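Subject: The structure, and some notes to go with it

Hello,

Here is the structure I promised to pass on to you. Please open it beside this message, as my notes are meant to be read with the model in view.

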Amino acid sequence: MTHKILVLPGDGIGIEIIAEAKKVLDCLVADFGLSMEMEEGYIGGAGYDAEGSPYPESTQVLAKDADAILLGAVGGYQYEELPRELRPERGLLAIRSELKLFSNLRPALLYAELADASTLKPEVVANLDLMIVRELTGGIYFGQPRGIEVLDSGERRGYNTLEYTESEIERIARSAYDIAMKRDKRLCSVDKANVLEVSELWREIVTKVGADYPEVELSHMYVDNAAMQLIKDPKQFDVMVTKNMFGDILSDAAAMLTGSIGMLPSASLDAAGKGMYEPIHGSAPDIAGKDIANPLATILSVSMMLRYTLNEIELADKIENAVKAVLAKGIRTADIYQEGTQQVGTAAMGDAVVAELRG
Ligand code: NAD
């Protein structure tokens, strides 16, 4: 089967890190039988420069047609004065909502070699490998009514609505169970069912969907306890699934357990498992064009794409093992450099991963 992949480098270091991810994909095609067609498009500031829109028509057509999308990053100082609807970040929001990418996958993984980069004790975080599945298009960030009103007393009142329908809960639950099936088959649903009715419904539906996944071990945890457990003993978790706002907060906390922004991939999936894959970091204009950005978050995004959308599990494993081997050899970009290791640039890091893949 030939996979259709759309590559959107975007802005800043997006261009350099995507170039390294493409080297890895090209190697999988040449040496390991991956069958793919790759298209390239504009997004963010690059979309504005080329076609006057952060999510141009031409990219919309390619995105709809693709099986999976690999994105670099968007944003840059030169776009900061643009009207809000033309800013690069709008391109990201537009593509996510247009493609109905409601399931946000945020892994936190920390290779033993980099355990010193965490602010937690190495033994707490070394070999950490957890996945947070965050509902991305519902909940309190979108619920109606919302607003700020003036009361009769003259005092202002701000309000938002936390709401989920049964079908919204069911589809994020299914997405999370599917992910758990590809991992250690343990799912922890995080809610606040002791206080919130919407969480009661959440818990009920997540449990009900579990009947279709008898191999997955389900547990429930209140969000305040989950926050504590993430810091105390993060390795107890395999997959966590939670609402938009809880996931927003917990996934950033989990990312920081690893201490290195240049190492973390992410994905956003639709109901059919089609997805957009991207590093969690931004376009880093401060280091763009200097050949110092870490391309590993983007290369690991390729591995996630192979695992969760394209079902090429062996190739996904190959990439992750190659990254591990490169780190074990002490090869590092500047952001993860430690004394006694060898510092290399963006392109050399990509080459090192490809060399490992080729064995
Ligand atoms: P950033 O993630 O771009 O950079 C934060 C810091 O981390 C910078 O010091 C940067 O040099 C460093 N960094 C980031 N990625 C790195 C990598 N791969 N290797 C080494 N160092 C790396 O966040 P920011 O500075 O707040 O934002 C810069 C621009 O990116 C803004 O325009 C912002 O809107 C945009 N942004 C885009 C995304 C995205 O595309 N998904 C996400 C966040 C921010």
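Below are my notes on the domains, the pockets, a pair of helices and a few individual residues. Please bear in mind that this is a predicted model.

Let me start with the overall layout. The protein divides into domain 1 (1-106 + 262-359) and domain 2 (129-257). Taken over C-alpha atoms, the centres of domain 1 and domain 2 are separated by 26 Å. To the contact, domain 1 gives 15 residues and domain 2 gives 17 residues.

Now for the pockets. The largest pocket has a volume of about 660 Å³. Its lining is made up of 27 residues, and those nearest the centre are Leu92, Leu93, Arg96, Arg134 and Leu136. Which elements supply at least two residues each to this lining? They are β3 (68-73), α4 (88-98), β4 (103-110), α9 (244-258), β11 (265-269) and β12 (275-279). The largest share, four residues, is from α4. Sorted by class, the lining of the largest pocket holds eleven nonpolar, nine polar and seven charged residues. Both domains take part in the largest pocket, with at least three lining residues drawn from each of domain 1 and domain 2.

The second largest pocket has a volume of about 370 Å³. Here 19 residues form the lining, and Leu109, Asp129, Arg183, Arg307 and Glu320 are the ones nearest the centre. Two or more lining residues are given by each of β4, β5 (128-135), α10 (296-308) and α11 (313-328). With five residues, α10 has the largest share of this lining. The class count for the second largest pocket is ten nonpolar, three polar and six charged residues. Domain 1 and domain 2 each provide at least three residues of its lining.

Two packed helices are described by the angle between their axes and the distance between the axes. For α11 and helix α12 (residues 346-358), the axes come within 8 Å and cross at roughly 115°. Is this crossing left-handed or right-handed? The crossing of α11 and α12 is right-handed. On the α11 side, the residues that meet α12 are Lys318, Ile319, Ala322, Val323, Ala325 and Val326, and their partners in α12 are Met349, Ala352, Val353, Glu356 and Leu357. This contact has nine nonpolar, no polar and two charged residues.

A few single residues may also interest you. Lys64 lies in helix α3 (residues 57-65). Leaving aside neighbours within four places in sequence, Lys64 is in contact with Glu98, Leu99 and Lys274. Lys64 and Leu6 are 58 residues apart in sequence, while their C-alpha atoms are 9.6 Å apart in space.

Finally, there are two points on the backbone. Most residues other than glycine have a negative phi, and most peptide bonds are trans. Lys100, in the loop between α4 and β4, has a positive phi, near 55°. The peptide bond from Gln144 to Pro145 is cis, with omega near 0°. Pro145 is placed in the loop between β5 and β6 (147-150).

Best wishes

Methods: Residues numbered from 1 in each chain as written. Predicted model: local features only at pLDDT ≥ 70, side-chain atom pairs only at ≥ 80, totals over all residues. Heavy atoms only, no water. 1 Å grid on protein atoms, 1.4 Å probe; cavity = no way out; pocket = protein on both sides within 12 Å on 5 of 7 lines; lining within 4 Å. Points joined across faces, edges and corners; volume = space filled by probe spheres on them. Nonpolar A, V, L, I, M, F, W, Y, C, P; charged D, E, K, R; others polar. Domains from an automatic or database assignment. Axes fitted to C-alpha atoms, helices over the stretch in contact; angles between N-to-C directions. Left-handed = near helix turned anticlockwise from the far one by under 90°. Contact = heavy atoms within 4.5 Å.
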